[in-house]
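Hi,

Here is the structure I said I would pass on.

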Amino acid sequence: LLALGFGVALGSQAGALMPATDLAPITPGLGVEALALLASAGAFVVLFQARLRDAHLVVAGVVVAYVGARMGAALMGPELGAFLGALLVGLASSAVARLADRPAQLALVPGVLMLVPGSLGFSSVRGMLRAETVQAVDAAFHTGIIAIAIVVGLLAAPALLPPRRAL
């Protein structure tokens, strides 16, 4: 995060030298969001060098985590959304281990990576660089709470659906 923060500080200084332009924010539609989700799942298949026969398990882990986190966030807020996403991806990975006799990590690791609150941590560092201390500490606190929610969700999943073998 500190390296990213340094990059942002450097980019901000370079951007200050450029002429200013006004850009209107664009809200992507559901199709764009689904395409981005599939693209990120495909990137995880490549990143983790998953076998082609296991690619669908990686994609399933990413989709389950994302959809679970979005549903949970809509119902209960971002912190509990992360918990629900982690719980569902933990349950899905245990089901993969039981039913498909494949390693649970195929679905678990990419799904958890989708839940990591990197943008909040990044916002915290950026806020510190901009001397917005209160907002930065608030973002850091929420990052920690979300990280704890992910851990609790992952710890609760094997209690609800134990894998056939130890992870």
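Before the details, the ground rules. This is a predicted model, so local features need pLDDT of at least 70 and side-chain atom pairs count only at pLDDT 80 or more, while totals for chains, interfaces and linings use all residues. Residues are numbered from 1 along each chain as its sequence is written, and side-chain values use heavy atoms, with hydrogens and water left out.

**Overall picture**

The protein has seven helices and zero strands, with helices (H or I, at least four residues) and strands (E, at least two) taken as DSSP runs and numbered from the N terminus. Along the sequence that reads α-α-α-α-α-α-α. The C-alpha atoms fill a box of roughly 60 × 30 × 30 Å along the principal axes.

Of the 167 residues, 31% are buried; buried means under 20% relative accessible area, exposed means over 50%, and partly exposed is in between (1.4 Å probe, protein chains only). Among contacts with a separation of 6 or more, 69% are between residues 24 or more positions apart, a contact being heavy atoms within 4.5 Å.

**The cores**

The largest nonpolar core has eleven residues: Ala65, Ala69, Ala82, Ala86, Val89, Leu108, Val112, Leu115, Ile146, Ala149 and Ile150. Helix 3, helix 4, helix 5 and helix 7 (133–160) each supply at least two residues of this core. By nonpolar core I mean a set of buried Ala, Val, Leu, Ile, Met, Phe, Trp, Tyr and Cys residues joined through side-chain atoms within 4.5 Å. There is also a second, separate core of seven residues, which includes Leu37, Ala41, Phe44 and Ala55.

Leaving out residues up to four places away in sequence, valine 89 touches Gly61, Val64, Ala65, Ala107, Leu108, Gly111, Val112 and Leu154.

Helix 5 deserves a look too. Its buried residues are Leu106, Ala107, Leu108, Pro110, Gly111, Val112 and Leu115, and they pack against helix 2, helix 3, helix 4 and helix 7.

**Salt bridges**

How many salt bridges are there? The count comes to two, using a side-chain nitrogen of Lys or Arg within 4 Å of a carboxyl oxygen of Asp or Glu as the rule.

One joins the side chains of arginine 70 and glutamate 33, at 2.5 Å from N to O. Arginine 70 is in helix 3 (residues 55–76) and glutamate 33 in helix 2 (residues 30–47), 37 residues apart, and the pair links distant parts of the chain. Arginine 70 is partly exposed at 45% relative accessibility, and glutamate 33 is partly exposed at 23%.

Another is between arginine 102 and aspartate 54, whose closest N and O atoms are 2.8 Å apart. Arginine 102 lies in the loop between helix 4 (78–100) and helix 5, and aspartate 54 in the loop between helix 2 and helix 3, so this pair ties together parts 48 residues apart in sequence. Here arginine 102 is buried at 18% relative accessibility, and aspartate 54 is buried at 5%.

The rings of phenylalanine 44 and phenylalanine 48 have centres 5.9 Å apart and planes at 15 degrees, so the pair is stacked. For reference, rings of Phe, Tyr and Trp (its six-membered ring) pair if their centres lie within 6.5 Å, with planes under 30 degrees apart called stacked, over 60 edge-to-face and the rest tilted. Phenylalanine 44 is buried at 14%, whereas phenylalanine 48 is partly exposed at 37%.

Valine 116 sits in the loop between helix 5 (105–115) and helix 6 (118–129) and is partly exposed at 46%.

Glutamine 49, in the loop between helix 2 and helix 3, has a phi near 50 degrees, a positive value in a residue other than glycine. Most residues other than glycine have a negative phi. Glutamine 49 is exposed, at 71% relative accessibility.

Cheers
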